[in-house]
Amino acid sequence: ARGARRPTEESEPPDPAPKACAAPAKSQPSKPSQDRSSTLETRVGRKFRLGAKLGSGAFGQIYMGSNVQTGEQVAIKLEQCGVKHPMLPMELRVYQALKSAVGVPSIHWYGIEHGCNILVMDLLGPSLEDLLTFCRHRFSMKTVLMLADQMIQRVEHLHDQGYIHGDIKPDNFVIGLGQWANCVHLIDLGLATRYRDPDTSEHVAFSCHAPLSGTPIFASINAHLGVVKSRRDDL
């Protein structure tokens, strides 16, 4: 999801972030394709209008949308209910556990309509992958250090809540918009898992027969060897 958190009076000020180069100009989003998801009515959750398609992935499709009551732009993620391993319900639980902390997009609505799991969340800006490409695959040392500072904070907060991300990569760190344009956000938590038992706080048992999950090119060596994931694999 790409979009901006709207700060409230209680919100913490955004962390400093690099301004190594201007954000790349986004191409115009394509119109919704004529697939299953595009047959949805123009509104979901009664007040969110489905707009142009922004992209797709293993989870399903993501669209730009807007709140018909306030005009606020949002991102709308759609996932077929019949998929073997649904990801949006887990993503929702993790976002709720993170409690809208700095660098975590807010959830506006979640529900099941028209045979799809639907998650409405903040619309965010370009990913670090987008920015790196725009900057000709080179960041300054200052930019790298300032990004790393925020990225480690986001992962640390996730770990403090008892979860590991499971798919850390540049595409899953995005910049906010508006007043949050200096804030790095951590997104796409559909593969997140608990590394501690929520009742006993006992660490997940060691295993060397775990299936590989996430993006292979960014996965840790242990993940490729079948070792069950833990916090070190995110780092």
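Predicted model: local features only at pLDDT ≥ 70, side-chain atom pairs only at ≥ 80, totals over all residues.
User: What do the buried residues of H3 pack against?
Analyst: They pack against H1, helix H2 (128-134), strand S7 (163-164), strand S8 (173-175), S9 and helix H5 (231-234). Contact here means heavy atoms within 4.5 Å. Helices (H or I, at least four residues) and strands (E, at least two) are DSSP runs, numbered from the N terminus.

User: OK. Which residues in H3 are buried?
Analyst: Thr143, Leu147, Gln150, Arg154, Val155, Leu158 and His159. Buried means under 20% relative accessible area, exposed over 50%, and partly exposed in between (1.4 Å probe, protein chains only).

User: How far apart are the end C-alpha atoms of H3?
Analyst: They are 28 Å apart. H3 covers residues 141-160, and its 20 residues should span 28 Å at 1.5 Å a residue, so the two agree. The expected span is 1.5 Å times one less than the number of residues.

User: And what comes just after H3?
Analyst: Gly162, with a positive phi of about 95°.

User: New topic. How many salt bridges are there?
Analyst: A search of the whole structure finds three. Each is a side-chain nitrogen of Lys or Arg within 4 Å of a carboxyl oxygen of Asp or Glu.

User: Which residue pairs with Glu91?
Analyst: Lys77 does, and the closest N and O atoms are 3.0 Å apart. This pair links distant parts of the chain: Lys77 sits in strand S4 (residues 73-80) and Glu91 in helix H1 (residues 88-98), 14 residues apart. Lys77 and Glu91 are both buried.

User: What about Asp188?
Analyst: Asp188 also bridges to Lys77, with the closest N and O atoms 3.1 Å apart. Here 111 residues separate the partners: Asp188 is in the loop between strand S9 (184-186) and strand S10 (193-194), while Lys77 is in S4.

User: Is Asp188 buried or partly exposed?
Analyst: Partly exposed, because its relative accessible area is 24%. Lys77 has 2%, so Lys77 is buried.

User: Which side chain meets Lys169?
Analyst: Asp167, at 3.8 Å from N to O. Lys169 counts as buried because its relative accessibility is 19%. Asp167 is buried too, at 13%.

Methods:
Residues numbered from 1 in each chain as written. Heavy atoms only, no water.
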